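Hi everyone, thanks for having me. Let me put the sequence and the model up on the screen, and then we'll walk through it together.

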Amino acid sequence: MITQVKHYIDGEFTHGSGERNIDVTNPANNSVIAKINCATTAEVELAIHSAKEAFKTWKEVPVSERARVMLRYQHLLKEHHDELATILAQETGKTFEDAKGDVWRGIEVAEHACNVASLMMGETVENVARNIDTYSYTQPLGVCAGITPFNFPAMIPLWMFPLSIACGNTFILKPSEQDPMTPQRLVELFVEAGAPKGVLQLIHGDKTAVDMLLTDPAIKAISFVGSVGVGQYIYKTGTDNLKRVQAFAGAKNHCVIMPDANKQQVINNMVGASVGAAGQRCMAISVAVFVGKAKEWIPELKEALAKVRPGLWNDKDAAYGPVISPAAKARVLKLIAQGKAEGAECLLDGSDFTVAGYESGNWVGPTMFTNVTTDMSIYKEEIFGPVLCCMEAETLDDAIELVNNSPYGNGTSIFTASGGAARKYQHEIEVGQVGINVPIPVPLPFFSFTGWKGSFYGDQHAYGKQAVRFCTETKTITTRWFDSEAVSGPNMSINLK
Ligand code: NAD
C-alpha cells in the first residue's frame with residue numbers, strides 16, 4: 001500500500017495540490033511506500049501566513065500553559081514510542097532498537113522543553129544607580145523554521161520545534177523528503193497534545209520550499225541540519241536575508257586509541273560507533289587513530305567488524321540496516337573504490353554485501369581500511385556509510401595534531417586509562433563534543449549540541465540554554481519609581497542618576 005504523505009498547514013492535514021511528486025522508498029528493497037506531493041508556492045505562503053497570525057496569540061499564552069502542552073506531548077511521545085519507531089524503521093531501514101533510540105533522544109528534548117519557564121528566566125540587578133533597578137525578559141522571536149536531514153527523522157525535528165514553540169514562537173518544519181512519515185506522526189501527536197492552530201506547520205518538499213523559507217521576511221530564524229554544501233548555502237542565504245541561522249553540517253569524527261586503554265572495550269565500542277546505523281550518524285566514528293602499540297589491535301578489530309551482519313529492520317539479530325538510497329549506496333561504493341585506488345589497504349570490503357530476498361536494497365557490509373593518509377578521498381570526505389578508516393600516530397601529540405587539522409569539529413573521543421592523557425586531550429582538541437571512553441558523546445538536552453569548525457555555522461547551538469537564546473530576544477528594562485514630589489533637573493549625561 002502506498003501512503004500519501006500529509007502536510008499540516010493552517011491547522012489542516014492536507015495531501016497538497018501541487019504537481020510535483022517525490023517517491024518515498026523502503027531502503028531494504030527500494031519499493032515505493034509513500035508519495036509526497038511537494039508543497040506549492042501558495043501552500044508555503046499559507047503556512048508562513050498562518051504561523052505569523054498564530055504567533056500573535058501564542059506568545060500571549062502563559063509560559064506554564066505552553067509547558068503543559070509540552071508535558072502532554074512528552075507523555076504522548078512515550079505512549080507512541082514503539083509505533084513511532086516502527087514507522088521510522090520502515091522508512092529509514094534502521095533496526096527497531098536503533099529506531100527506538102532515535103525517537104528516545106528526541107523525547108528527551110521534548111521533556112526538557114517542559115522546563116521552559118526556568119530556561120527563559122531573565123536577570124535582575126537592584127540599585128544599578130540610586131533608586132534604579134534593571135531586569136531583563138526573554139521574549140520569543142516570531143516565526144521560526146527548521147529544515148531537517150534524513151538520518152534522524154524523529155530526534156532532529158524534536159531538537160527544534162518543541163523548545164522553540166515552548167518559548168512562544170510558532171514553527172514551520174520542512175523535514176527530509178526521504179523519510180517524511182515519522183515527522184508527520186510527530187506533528188499529529190503534537191496536535192493531539194493540544195497545540196493551537198497555526199503554532200506548528202509541516203510542509204514537505206525540497207529546495208523550492210526551503211528557498212521560500214530562507215527569503216520570506218516573516219521568518220526570523222532558521223535551524224538546519226544536513227550536509228556541508230547545503231548547510232553553507234542555508235547559512236549564507238539565510239543571513240543574507242537578515243535571519244538568525246544555525247546550520248549543523250557534516251562531520252568526520254576521530255577516535256584516538258591509547259595503548260593503555262582496555263582493548264576489549266575499544267573493540268566493542270569501535271564496532272558500534274563506526275558501522276552502527278550503517279555509519280549514517282553525524283557523530284559516527286569514521287576514523288580510528290591508533291597510538292603506538294595500540295595498532296596491534298587492528299586485526300582483532302577487523303575480526304569483530306567482520307562478524308557484524310546488516311539486515312532488515314525487524315530482524316532482531318541484524319546490527320544495522322541498508323543506507324538510505326541507491327544514490328547514497330553508489331556514493332559509498334565509489335569512495336571505497338577510490339580508497340583502494342589511492343593506496344589504502346582494504347582489510348574488509350562490504351561493497352558486495354547483500355541480504356537474501358532483498359538484493360535490490362541499498363546494502364553495504366562493514367568495511368575497514370588501514371594505511372589511510374590525510375590526502376585520500378576516504379579521509380577527506382564524509383563517507384556516511386559503514387566504513388572505518390584506521391590511521392596510526394606515534395604519540396598523543398601527533399594524534400591531537402591530526403584531529404585538529406581536520407576541517408570538521410563535530411565529535412571526537414579518546415580511549416585511555418590515563419587521566420593525564422584524557423585531560424590533555426579534552427583541553428587541546430579543537431572539536432566541540434568530546435568523549436572520554438565514550439565513543440559517541442551526544443550531550444543530553446540540558447547541555448547543547450556543540451559542533452565546531454566546518455560542522456557548524458552559527459553561534460548558538462541546538463537544544464539546551466543555547467537553543468533558547470537562539471529563538472528568543474532579550475529585553476532589558478531599567479526602572480525608577482519616584483517616591484516624592486521632588487523633581488530633579490535635566491540629566492545631560494548618559495549616566496544613570
Ligand atoms: P541534505 O543536506 O541532503 O538534506 C538536508 C535537508 O536540506 C533536507 O530537508 C533537504 O530537503 C534539504 N535540501 C537538500 N538540498 C537542498 C538544497 N540544495 N537547497 C535547500 N535545501 C536542500 O542532508 P541529508 O543527506 O538529509 O543528511 C545527511 C547529512 O546531515 C550528513 O552530512 C550528516 O553529517 C549531516 N548531519 C549533521 C548533523 C549535525 O548535527 N552536525 C546531524 C545529523 C546529520
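**A walk through the model**

Helices (H or I, at least four residues) and strands (E, at least two) are DSSP runs, numbered from the N terminus. UniProt, in an unreviewed entry, gives residues 15-477 the feature "domain: Aldehyde dehydrogenase". UniProt positions are in the numbering used here, feature names are shortened, and annotations may be inferred rather than shown by experiment.

Some ground rules. This is a predicted model, where local features need pLDDT of at least 70 and side-chain atom pairs count only at pLDDT 80 or more, while totals for chains, interfaces and linings use all residues. Residues are numbered from 1 along each chain as its sequence is written, and side-chain values use heavy atoms, with hydrogens and water left out.

Let's go inside. Which residues of the largest nonpolar core touch the most other members? They are Tyr73, Leu77, Trp159, Phe161, Ile165, Phe190 and Phe449, out of 62 residues in that core. Helix H6, residues 155-166, supplies the largest share of this core, nine residues. Apart from it there is another core, of 60 residues, and Ala261, Val271, Leu301 and Phe369 are among them. By nonpolar core I mean a set of buried Ala, Val, Leu, Ile, Met, Phe, Trp, Tyr and Cys residues joined through side-chain atoms within 4.5 Å. And buried means under 20% relative accessible area, exposed means over 50%, and partly exposed is in between (1.4 Å probe, protein chains only).

Leaving out residues up to four places away in sequence, Tyr73 touches Ala110, Leu158, Phe161, Pro162, Leu186, Leu189, Phe190 and Ala193. Contact here means heavy atoms within 4.5 Å. Ile165 is in helix H6, and it counts as buried, at 0% relative accessibility. With neighbours within four places set aside, Ile165 is in contact with Trp58, Arg66, Met70, Phe171, Phe190, Val199 and Leu200.

Now for some helices. Is H7 largely enclosed or open? Ten of its twelve residues are buried, so H7 is largely enclosed by the rest of the structure. Those buried residues include Arg185, Glu188 and Phe190. The twelve residues of H7, 181-192, should span 16 Å at 1.5 Å a residue, and the end C-alpha atoms are 17 Å apart, which agrees. The expected span, by the way, is 1.5 Å times one less than the number of residues. After H7 comes Gly194, with a positive phi near 110 degrees.

Next up, H1. This helix has 18 residues and reaches 25 Å from first C-alpha to last, close to the 26 Å expected at 1.5 Å a residue. The buried residues of H1 are Glu43, Val44, Ala47, Ile48, Ser50, Ala51, Ala54, Phe55 and Trp58. They cover an arc of only 165 degrees around the axis, which puts them on the same side of H1. That arc is the one made by the directions from the helix axis to the C-beta atoms. On the other side of H1, Ala42 and Thr57 are exposed.

Phe55 is buried, with a relative accessible area of 13%. Not counting residues up to four places away in sequence, Phe55 touches Pro140, Leu141, Gly142, Gly168, Asn169 and Thr170.

Cys167 is in no disulfide, and the nearest cysteine sulfur, that of Cys471, is 3.9 Å away. Cys167 is buried at 0% relative accessible area, and Cys471 is buried at 4%.

One last thing, on backbone angles. Most residues other than glycine have a negative phi. Asn127, in strand E6, has a positive phi near 60 degrees. Lys453 has a positive phi too, near 45 degrees, and sits in strand E21.

Methods: A disulfide is a pair of cysteine sulfur atoms within 2.5 Å.
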